[in-house]
Amino acid sequence: MPNFSGINNPYLTAPNVVNLFFLILPPIISVLYRNWKYIFITTMISAAAFSYFLLLHGASYFTDWEATDVIYFLLFFLLYAVLNIYESKYSEKAEALIQKQEQILKESETKYRLIADNMYDFVTVLAPDGKILYASPSHENVMKMNPSELEGTYSHAYIHPDDLDSFLSKFHSMIETGTNLKADIRWKVGAEWIFLAMRGKPVVEKNGKIQKVVMVSRNITERIKMEQKIKQTSARLEALISHLPYGILALDKNNQVLLVNQKLREIFTNSSFSQEIIGIKPIEGSAQGKNIFLEGDLYEKRNREILEHCETVLDEEWKLKDGRIISRDAIPIFVNDQLDGFLWQFKDITKQKKLEKHLQEASLMDGLTKIHNRRYFDETLIREWRRCARTSQPLTLIMLDIDDFKKYNDTYGHLQGDASIILVAQTVQETLKRPADVACRYGGEEFAVILPETHQEGGMKIAEKIRSAIERLEIPHATSSVSTVLTCSLGVATIIPIPSIDFKELIGMADKALYVSKTKGKNCVNAFK
């Protein structure tokens, strides 16, 4: 092995310097560059130079070097070079990975910063004591303040006094328990207040302590104002509905009761209907109708039909067991062509129906005699004509006329004539015994009697009873051509109606029979033949 112990060493000759060059140069260059590409190039140059001198001058050129020394040197150099290459590649990969992570982190930070700076919501980072550490630029759009003006201040300085205690309580609870914060507060902007929906999340460190709180706030002023308007409108609507003269029942699309006004409760004040219907489905609650409505089963069935087929119903009348009459409307409500609920209206029309009945009866009654008038006669004759036609039963009509009544009026005056007509009408009415038999004032001094399901023989008997009863009244009639008292003539006609014959045929037949009685001396009864 070479000896390099001193400067005067005889080995420090030119060939030995070459030895030192080949031995020391590659490690030095490797340390300087620490790059596997440069190490490889340096090693190749060194090996080429070493080989050149070895081949050109022979092994003797390298003073005191043995073959084993050369092999050891080359092995050592090769091992050293390989280790340096491995270390260099590993370091290069690690450095590239670190650079990549730094780039990702930078891009992520840029992305989130971009979001925080441009989002509609306000992002605020608070210290556990409430101090504002960071305020996103979006604060400036609504609060008219530079975010830097907010940073370093305390959030409770901007919160409405009425909301402050509640907010601080929730904030301290979040700090103590680590739970999220949720609060709606009023925030001061200049001389005004805006509504904010604040949501806070604590940032918990590895040691379990909370160092920061990330608060995201949203301006909900317009929403709050809209909700207040809706509440006001709803309050007005409810006040209006509560004072309507009819009961209101509003259902949602699942048939759950949404609204029942006071009038509905008043209509059903003596029943469990108004109490039990709240919060239940009418299909389930309609069983209450069995205890209220006269036709409870039919009412329940009708409810199902309306709800299942989304029917619109107007002025549907139902009788209650207490004698009252209820009218109801059912109106399906559609939103975007989808069923959204039902609106029911209930009206107690008992008084109205009584008034209608009274007016109807008045319109069908003769004002003077208080028996049915000509209009009622026409309606009843048509109805009985159709009924007898269906059942093939006989229908008899009696036409009656007071004899020489014009002379009576001329002799005794119209007032006395009216009084006589009233007595005749009462007598005719009292003579009839069956509920189906109808007496009407046909006009002037003429009267008509409708006898359903009565043969001619029976009609003749009744007509004769009427004639004799009027004669027995013994109303004086000095100018009569027949008697000294008021008398009447009657015509009787009987027919089994068929659809092809008009009911007026029967009137014509009775008139002809009456005419025969008049021509045969009056104060008698004749039948149409």
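I'll start with Asp437, which at 7% relative accessibility counts as buried, because the cut-off for buried is under 20%. This is a predicted model, so please take everything I say as computed from that prediction. Asp437 forms a salt bridge with Arg434, and the closest N and O atoms are 2.8 Å apart.

How many salt bridges does the structure hold? The count is 26.

Take Glu453 and Arg387. They form a salt bridge whose closest N and O atoms are 2.8 Å apart. Glu453 sits in the loop between strand S13 (446–452) and helix H17 (456–471), while Arg387 belongs to helix H14 (residues 374–391), so this pair ties together parts that are 66 residues apart in sequence. As for accessibility, Glu453 is partly exposed at a relative accessible area of 40%. Arg387 is also partly exposed, at 25%.

Next, Arg199 and Asp184. In this salt bridge the closest N and O atoms are 3.5 Å apart. The two residues come from distant parts of the chain, 15 residues apart: Arg199 is in strand S4 (residues 192–204) and Asp184 in strand S3 (residues 181–189). Arg199 counts as partly exposed, with 34% relative accessibility. Asp184 is partly exposed as well, with a relative accessible area of 48%.

Now the network. Salt bridges link Arg302, Glu305, Glu311, Glu316 and Arg328.

Gln345 lies in strand S10 (residues 338–348). Is Gln345 buried or exposed? It counts as buried, at 13% relative accessibility. If we leave aside neighbours within four places in sequence, Gln345 is in contact with Tyr246, Gly247, Ile248, Ser327, Arg328, Asp329 and Ile331. With Tyr246 there is also a polar contact of 3.4 Å between the two side chains.

Last, a pair of helices. Two packed helices are described by the angle between their axes and the distance between the axes. For helix H15 (residues 405–412) and helix H16 (residues 414–431), the axes come within 7 Å and cross at roughly 130°. H15 and H16 are therefore oblique to each other. On the H15 side, the contact is made by Phe405, Tyr408, Asn409 and Tyr412. On the H16 side, the residues are His414, Gln416, Gly417, Ser420 and Ile421. Of the residues in this contact, four are nonpolar, five are polar and none is charged.

Technical notes
Residues numbered from 1 in each chain as written. Predicted model: local features only at pLDDT ≥ 70, side-chain atom pairs only at ≥ 80, totals over all residues. Heavy atoms only, no water. Axes fitted to C-alpha atoms, helices over the stretch in contact; angles between N-to-C directions. Helix = DSSP H or I, 4+ residues; strand = E, 2+ residues; numbered from the N terminus. Parallel < 35°, antiparallel > 145°, perpendicular 65-115°, else oblique. Contact = heavy atoms within 4.5 Å. Nonpolar A, V, L, I, M, F, W, Y, C, P; charged D, E, K, R; others polar. Buried < 20%, exposed > 50% of the residue type's maximum accessible area, 1.4 Å probe, protein only. Polar contact = N/O pair within 3.5 Å; in protein donor to acceptor, adjacent residues only side chain to side chain. Salt bridge = Lys/Arg side-chain N within 4 Å of Asp/Glu carboxyl O.
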